[in-house]
Structures are given as structure tokens and as C-alpha cells.
Amino acid sequence: MTALPTKKLEAWRYTDLRALERLSFGEVPAAAVPDLPAFAGPRVVFANGRMSQALSARLDHAQDFAPVQEHGPQSLAHINAEQAQDGLTLSVPAGVDAGALLMVSYNAGEMPFAAHLRHRITLGANARLMLIELVKGDGVYWHNPVTDISLHDGAVLTHIRLQQESAEAFNTTLIRANIAAGAGYEHFTATIGAKLSRTELHVSLLGEQARTDLNAAQLLRGEQHGDFTAVVRHAAPNCASRQTVKSVLADEAHGVFQGRVEVAKGAQKTDGYQMSRALLLSDHATMDIKPELEIFADDVKCSHGATIGALDAEQLFYLRSRGIDEPEARAMLIHAFLEEAFAPVTDEAAHGLLIEAIGKWWTTP
Amino acid sequence: MSDTQLTPEELAGQKYKYGFTTDIAMEEFPKGMSEEIVRLISAKKQEPEWLLEWRLKAYRLWCESVEPAWAHIHHPPIDYQDYYYYAAPAKAAPKSLDEVDPELLKTYEKLGIPLNERAALAGVAVDAVFDSVSVATTFRETLAKAGVIFCPISEAVREYPELVKKYLGSVVPQGDNYFAALNSAVFSDGSFVYIPKGVRCPMELSTYFRINARNTGQFERTLIIADEGAYVSYLEGCTAPQRDENQLHAAVVELVAMNDATIKYSTVQNWYPGDADGRGGIYNFVTKRGACRGRNSKISWTQVETGSAITWKYPSCILQGENSVGEFYSVAVTNHHQQADTGTKMIHIGKNTRSTIISKGISAGKSNNTYRGLVRILPAASGARNFTQCDSLLIGEECGAHTVPYIENRNLSAKVEHEATTSKIAEDQLFYCRSRGLSQEDAVGLIVNGFCKDVLKELPMEFAVEAQKLLSVSLEGSVG
Amino acid sequence: MLEIKNLHARIGDKEILKGINLTVPTGEVHAIMGPNGAGKSTLSYVLSGRDGYEVTYGEVLYNGVNILELAPEDRAAAGIFLAFQYPVELPGVGNANFLRTALNAVRRKRGEPELDAVAFLKSARAAIKSLQMNEDFLKRNVNVGFSGGEKKRNEMLQMALLKPGLAILDETDSGLDIDALRIVSEGVNALRSPSFSALVITHYQRLLDHIVPDVVHVLAGGRIVRSGPKELALELEARGYAGVEAA
């Protein structure tokens, strides 16, 4: 197996996979049956690394899984390619609005095991899809999915992820997207589960007027480690990218945000924006932020911002002076803090799922 | 000055005294680094045993380390064995201004450098080119009255060995990084400043005035200590491009501020940047660091970096004392094929420590300009504050501007804010200026100076005026 | 009834309040005037329970209960309302959500039934109308992007909904134009009743033209140095604080 990346690599300076390396993985156990949320539309369900035909329903535009050729630089993608035996291969024809699709990845077993899924999603010109991805499980496992996305001219993919892995799980997610002219990739990840997780996105804006929104909320507690890493490459002129990442860290949680906006030579009129805010709720929570700009064109508008701080004492007192209990006042402020990252998730079903998950986060101890 | 410029004859004369068995001294000076060279340098400077050991430790650490590769700079591999580390034989200096590159002279004229100083800057071999002797004398008397020590570091090793021994390497240890190790092994000379308790240094200290510090060579070492309640403002460099035969520079600057002390360190770096096609130019690898050891201490770095083919430099503050303050104000301009990778580190250790970072990068031509910074808040730094603002301005479509900040927070009550923007000079700004009668280049100069205002205002007045001119000169030919 | 007995308080090492004695009987409006730095804002924060103010001696009874032991939200539920000198901005928190959460929290603690969304909107709209405010107030984030006058009106709106027994107005008049001043005064005056009292903290006499106090106190150097009828305010306006402090 290809070796895991180490902290010596600049891209991995804040996330340490040694705990993962120490695990020894056994056979993938028989698939367990997850609870599925009420969802009216089509769905595809993966259990322990395999698609469950029984649980999946009304899946259009899907194709059979084909073996993976991997040429990318990420070693996790090579490990995935060596192991992956299944995944969603979806190709929405040009001009088709495929509506919303629910994808559930569930892993559960008594002994540690690894699940490597390889998803490939292609949208033809002007096609549309909303992919709602639920990631969850029970027990100790390593979930290492790779999703390759290709959007042709004018296509729009809305991708909403809710990561609620088991408390002992490792999640390393790699998403790579190539966006053609006039196409848009709208991404939102809520990171709530896993002992250690890393969501790594590489989005290339390859044609004029391509755009991407990469938003995330990380809610971490206990000794959780959550890493959101996003690289946006502006390879064509007149493209736009927007990133807003909010992290809320309690107990001894460790949050990481690494973002890089690359503007290639000739990618004039690029509009790039990146904002990372972290809220620390405990003395022992830590946050590392590395927002990079790498710019090789002069007529661009790029900015980034980062803040790290605690809840504002003034605001807390103001709420309490109006009769609101401290826990509720804190919840209100945390919710308000997350609001900006959530705002782009306009779909009611997806929004509902997120609100429910986040509501649970601070009401359950 | 002459310490590092010994003749072969002088060298030979000292050979016996220190029992060296080498006979290279009779010949040309050897190129390259070796333990022998380190011993030779120490011996020539009649250094005490501890300092020789200190240098040798640095040399061993240097041998064990590798040149860092993380910076956003590219250059052919440096062959460290192809340099002179000790009293490099001087190339024939120009005999008069007629032999000096006319481009250099034109620049002096534009910067308004007085005629009699131009020769000195250009390295013309003439004695007492300007009335420095009397300046230096009054200067020394005033400082002595205040109890301020300001001398070459080699002199300080002899005259104030306890102070040097106590503080040398206490901020930048020998093994800190590859270039610091190199400097520690072979440093030639540099400045030593000690401001006693409660003393406000009566004047701005500057290497420019300290004539015997000129030609301190490629491995300069500076150590400044401000004792309790002391204040000093130190100016480094010169606004005019200096003629320099050394391609590789690796300086180290260490600052120590005790309780209630303030050190303000201003630099204008304008070494030779190479020609318009990227040939030649200085490689400038500098380690600058200040320790705010005492409560309420303050270290403020201001730099205007316009020169060198490569700049690798991160003036930093270690904020140990409660309520201590670190500041970094930087303008870095790159044109043609220049590469700058510069920024700062603010390490918050003590309670209620505060830091401010204002960085303005301007890239033109085919240059690359990177801001690289670290803000680290350690668990004990309750109430720490950092504010960072990094702005990049791009002129032309073949240059690069990069921002690489690292923000690491380990404390709940700390507050860190970081903002960065990238923009170009707007056509309408240029047009507006030109419609009011400014030339294209004057308009660029005006706009760039406006962009840098927050940093330039931190410079001492006379320095700021020259720095402004320098910005315009550096960007000549970059627009239109 | 509010009874402040020999109240001493400090911020860090600095003692600000040095023995305040003051009684505001239910149904009365008292004004506290005084020079800058007298301790006026400190008094209002100590009464409402803000962190960072340490009471070193004395007690504050509200309707017989020592409120210094209560959390800020419990003081609010007990009926104490502080109108802030500088109302705080809450980005991301909608005004309607904020008002309803606060109102229901207070009602719950007072043993009153909570209001559902419809009932809340009805009472909020009525209050908005009486304060001559625009209804889009409810949709905006709390105080974010509000003008100085709008922020003060928002304080009055909250007060109208929470129906306190004791309102503390901390220099609510600072930075208000004459129209806004009128609205703030009307907001307070509308609540005046035998069961409502108010402590109006101000530097200037002009607010007291609109909210006519029963008693005027002068706070200087951390103590009440003089008390008197409403005419005292006019005297202070004419002669300044210097004379009063000396007396």
C-alpha cells in the first residue's frame, strides 16, 4: 500500500495520521443497515464500502463501477485507487435537471476496517444536480472516499455534505472538481463526527465565468481533530470563488483550516474571497489557520480574512440582561456565528438536516 | 573595518602566534568553509576561547543542516565551497567615479545623494570622502555621556566580554536555521549596542554614521540590548544602492528588550537587485529576531526592502514579558526578476501580549513577492491580541504576489485577526493623476507611496523621505 | 422598591463606587446626574450584573431580594431592565428571534405562558407601531447597521415588550436628536404607573424635560452627594457640578 502522508509535508503540517497508521485493518465486515432519513427523492446507499442495491432507490443516470486509474499527486487517492471496489458513477446528460439525490455512506463493524469508495460525478452541459451526502457509522473504521467531479459548460452541482462519522472513526475525504466555462460547483460540508477528519477539496476553474462556493462548518468537541483544506485554482479569466469556513471548538478539540487560492497567469478579472473564522469555547481548544494566496495575474480582486476568538462577553451580557439564560445565549451566538456559512444552503430538506444535526451538537453533552 | 581585510602578509605574521600549521595563508585565501577557516577567523580577531568554541559549535550545526527549501524562491544551487568566508580578496576598486556604472550614478542623482557621498557608496577607493571624522567624534562623545555603548561587535568582544557572552546567541541560537548557523560560524563584524537602565538613547543610532562599520562584509552580526526602561531607535542600511562584490549575504540581528524597554529597528535594504534580465544581484538571507524579555517591553521592526535578487528575511518578535508589544511594518518591492520571501513571526508567550503586522508587497516586472508570516499564541498568553494586514499590489501581468500566513492559536481569550487583499493600480486612479498633469511614472510613484503609507509613517522622518524616492526609482519602467 | 445600601464596587484595583445609598420607591422615577467619571455607568452595570465589576461591600435589594447574587438573566426576569448607553450589535441574530427568545425566557421565569409566533408578532407589531418604528426592524440583525437613534428605539422596543418593574436608562439620551429623544421619553412615560419605577442616568438636564423625575440625585466621586426635587436638575444645569460637589 502507498504510504500515508506525514506531517513533514507542508500540506499535512497540522494533521497527524500516525494514530491511523497504528491501526491494523481486518476484513470488511458484512454490511450493516443504517437508519435512513425521510427523503422523498432518489437515493443511493453505501454500506461498508459497497453499494446496497436493496437500500438504494430510483437511481437514474448511474453506471457500473469501473476500476480506477489514479494519476493525481495525493497519496490518499493512490491508496483509494488500490483498494476501491465500488462507488457512485453518475453521469447526468446535457440539459437534464436531475433534481436532488441523497447519498448515504454508512460504515459499521466490530473490528477496525477500511472503506475506500471512488465516486465519479459528471454533469453534461447545462445539467443540474443537488447531491446531499450523509456520512455516518459505528465503531472503529477508516473511511477514505475520493470523489471526482467534472462539470461541463453551464452545469451546476450543489453538493451538501453532513459528516457524522462515529466518534472513533477516521475520515479522509478528497474531492476534486474540474469546472468548465459558466459552470458552478456549490459545496457545503458540516463536520461534526469522527475522531480525526480531513476534508480536502481541489477545485479547478477551467473556463471563463466558472465559479465555486466552498463553505464549511466544523463543530468539534472532546479530543476531535477536524481539518478543512481547500485549494481553488483559477485557470481562466473572469472566474469567481467564495470560501467561508466557520469552526466552533469545544473541550480539547483541534480545528484546522488551510485554504489556497491560486490565480494562474492570464486568469485576469479573478474574484477570489476566503474567510475563516474560529470560535473557541474552551481553554484547551486550538485552531490553526493557513489561508494562502498565490497570484500570477495583475487584474484580480483577491482577499482573505481570518479571525480566532472566544464568544464576545459584551454580546453574552447583552443577551442575558434581556433575560436569556447563559446556555441559550451561548447557543444563539454560536448559531449566529455559523449562519454565514449556512446561508448558501437554501434547499429546505438539506437545511433541515443540517439544522437538526447542529441543534443536537450543543444540546447533547 | 580592517579586521576582515587583512593582507596575506599580516596573516602570515600572526601564523606562529596561534600555532596554525596551515600554510595556505602565504598563498591566496582559500575558498570554502572548513573548521580551519572558522579557527582562522577567530584567531585573526584575537577572540577568547569561548567564542571560538561557540563558532565551532555553529559550524558543526551548519554541517548537519540542509539549506531550507520552503521559501517561494528559485535560484541555482549555491556552492558554499565556492565562496570566500574570510577576508575575500578585494577586487580592484574603481579609481574614480568615471569607472562607476553610469546607471548607478544616475540613481544617486535621482535620490538626491550629496555628490561627496556618491563616491563612497560606489566603493571608490578614496580616503575620507566626507567629513565623517568630526561627525563620528561628536557622536561618540554624546553617547559616552549617556552611558550608551555603540561599537563594532569585535570591539565589544574585547571590551565588554560579559555582555556579549551573556546575550550573543540568546535570541538566535547558532543552530536556529541554516543561514544563522553559517553566520554564527563565520560572522565578520557588525554593531553592538547596549543602552543602560533608564537611558533614552539621545540620538538615532545608525551604521551610516559609524564609519568603521562600513564594509562589514557579507556575514554581519548585530546585537542590541535595551536594559530596563531604556529606549533606542536604530537605523540600518542606506537608501542608496551599495556597490557590493559579495553575492551571498547571511546576516543575523538579535535584539533584547528588558522591562519597560523599547527598541525600534528600521531598515532600508537596497542591495544590488541584478540587472533587468535577472543577471547578478545579491542573495540576502537574513535572520532577525527580537526578544521582549521584560514586561511592557516593545520591539518594533520597520523595513523597506527594495534591493537584492533574493530576499529571505523574517524579522520576528518573541513576546515573553507580560504586556509586551511586537510590531512589524514592511514594504517589499520587487521588479524585473527579483524574488522576495519576507514576513515575520510573532510568538505570544506572556499574558496580554500584543502584536501588529502591516505588510505591503509590490510586485512588478517578472518578479515574485511573498509574504510569509506566523502568529502563534501559546497556552499561557491569555488576553493576547494580534492584528495582521497584508496587502499586495501587482503591476503588470507577468509578476506574482503570494500570501502565506500561518495562524496558530492555543488560547481561548486571545484574539487574532488577519486580513489580506490583492489588487492592481486601477486605470482610473492612473488616469485621474495624469489628467491632473502627472507623468505615468510619477502617478505610479504617488499611488504606490499611498499604498505604503501605513508603513512609511513608521520610519524616522529623514529616512521616510528617501524611502519614498526609492520606491519610485525601484519601480521605474514597470508601467506603460 | 429598589434599595441600594452602602454599595462599594471596583473594577480591577480601582474603587469606583464608594458607598452609595439610594432608595427608589415603586412608582417613582429618579434621576441620577453627575460629572463624567462619577461612576454613573458603573452603577448601572453593577445593578444589572455585568462581569468585571466587583462589589466589595453593601447590598442592593429589589422588592426585598438581594439581586447582587442573581445572574443577569434572573435580574431581567425579576423585572430589571437596563437600557444600554451603547447597545451591542449581534451579527447573525435576527431581531425577531432575539425578542421572542428573550420575552419567552422572561415570561417562563415569571410563570407566565410563552407566546407562540403569532401572538408574539402581534404584540411586537403593536409595540413597533407605538414607537413609530418601521416593521423591517424585526427582520434585521440585532442593532447591526442601526443608526444611533435606531439602536435607542430598539432598546425602547425591548423594554416595551419585557415590561420591567424597574428600568435603568444609562445615558440613553447621548447622541440622540430631538425626535429620538421624544420617542425615548414617550417609551418610558408610557410605562409610568404605580407599579413601575425608573432610574434615569444622564449627564444633561434636557432628557428630564421629557421624563420628569420625582427626585434628582447627584453622583460624584462614587457617592450620592446631594438629592432634591426636580428643580435640582435646573440648578445643576445653571451652576454646573463643581458647586454641588463642594456642597
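Predicted model: local features only at pLDDT ≥ 70, side-chain atom pairs only at ≥ 80, totals over all residues.
Biologist: Fine. Which strands make up the open sheet with mixed pairing in chain C, and in what order?
Modeller: There are 6 strands, and the order is β6-β9-β10-β3-β11-β12.

Biologist: And which strands are at the edges there?
Modeller: β6 (80–83) and β12 (223–228) of chain C, each pairing on one side only.

Biologist: How much are neighbouring strands of this sheet turned against each other?
Modeller: By 20° on average, ignoring direction.

Biologist: Let's go inside. How many residues of β10 in chain C are buried?
Modeller: 6 of its 6 residues, 197–202, so to speak a mostly covered strand.

Biologist: Which residues point which way from β10(C)?
Modeller: C:Ser197, C:Leu199 and C:Ile201 point one way, while C:Ala198, C:Val200 and C:Thr202 point the other, and all are buried. In a regular strand, side chains alternate between the two faces of the sheet.

Biologist: In what sense does β3 run with β10(C), parallel or antiparallel?
Modeller: Parallel: β3 (residues 29–33) of chain C is joined to β10(C) by 5 bridges. One pair to look at is C:His30, whose bridge partner in β10(C) is C:Leu199.

Biologist: And β9 with β10(C), parallel or antiparallel?
Modeller: Parallel too, with 5 bridges between β9 (residues 166–170) of chain C and β10(C). There, C:Leu166 has C:Ser197 as its bridge partner.

Biologist: What about β11 and β12(C), parallel or antiparallel?
Modeller: Those pair in the antiparallel sense, over 5 bridges, with β11 covering residues 215–220 of chain C. In β12(C), C:Arg226 is the bridge partner of C:Val218.

Biologist: Now the open sheet of 4 strands in chain C. What's the order?
Modeller: β2-β1-β4-β5, with antiparallel pairing. β2 (14–24) and β5 (65–66) of chain C are at the edges with a single partner strand each, so one side of each has no neighbour in the sheet.

Biologist: How many bridges join β1 and β4 of chain C?
Modeller: 7 bridges, between β1 (residues 2–11) and β4 (residues 54–62) of chain C, running antiparallel. C:Arg10 stands opposite C:Glu54 in β4(C).

Biologist: Which strands does helix α1 of chain C lie across?
Modeller: α1 (residues 40–48) lies across β1, β2 and β4 of chain C, and runs at about 110° to β1(C).

Biologist: Switching to chain A. At what angle do α3 and α4 pack?
Modeller: At about 125°, with the axes of α3 (residues 313–321) and α4 (residues 326–342) of chain A 9 Å apart. That makes α3(A) oblique to α4(A). Their crossing is right-handed.

Biologist: Which residues of α3(A) and α4(A) make the contact?
Modeller: From α3(A), A:Gln315, A:Leu316, A:Leu319 and A:Arg320; from α4(A), A:Glu326, A:Ala329, A:Arg330, A:Met332 and A:Leu333. By class, that contact has 5 nonpolar, 1 polar and 3 charged residues.

Biologist: What about A:Glu292, buried or exposed?
Modeller: A:Glu292 is buried, because its relative accessible area is 12% and the cut-off for buried is under 20%. A:Glu292 sits in strand β20 (residues 286–295) of chain A.

Biologist: Which residues does A:Glu292 touch?
Modeller: Leaving out residues up to four places away in sequence, A:Gly259, A:Arg260, A:Val261, A:Gln274, A:His304, B:Thr403, B:Val404 and B:Pro405.

Biologist: On to chain B, then. How many helices and strands?
Modeller: 13 helices and 19 strands. Of its 480 residues, 58% count as buried.

Biologist: How do α3(B) and α9(B) pack? What angle, and how far apart are the axes?
Modeller: About 145°, with the axes 7 Å apart, for α3 (residues 49–64) and α9 (residues 178–186) of chain B. The crossing is left-handed. The contact includes B:Trp54, B:Tyr59 and B:Trp62 of α3(B), and B:Tyr178 and B:Leu182 of α9(B). By class, the contact has 9 nonpolar, 1 polar and 1 charged residues.

Biologist: Last one: how many residues of β16 in chain B are buried?
Modeller: 9 of the 10 residues of β16 (residues 368–377), so the strand is largely enclosed by the rest of the structure. β14 (residues 339–348) of chain B pairs with β16(B) in the parallel sense over 10 bridges, and β18 (residues 400–409) of chain B also pairs with β16(B) in the parallel sense over 10 bridges.

Definitions and conventions
Residues numbered from 1 in each chain as written. Chains lettered and ligands numbered in written order. Heavy atoms only, no water. Pairing = 2+ DSSP bridges. Helix = DSSP H or I, 4+ residues; strand = E, 2+ residues; numbered from the N terminus. Axes fitted to C-alpha atoms, helices over the stretch in contact; angles between N-to-C directions. Parallel < 35°, antiparallel > 145°, perpendicular 65-115°, else oblique. Left-handed = near helix turned anticlockwise from the far one by under 90°. Contact = heavy atoms within 4.5 Å. Nonpolar A, V, L, I, M, F, W, Y, C, P; charged D, E, K, R; others polar. Buried < 20%, exposed > 50% of the residue type's maximum accessible area, 1.4 Å probe, protein only.
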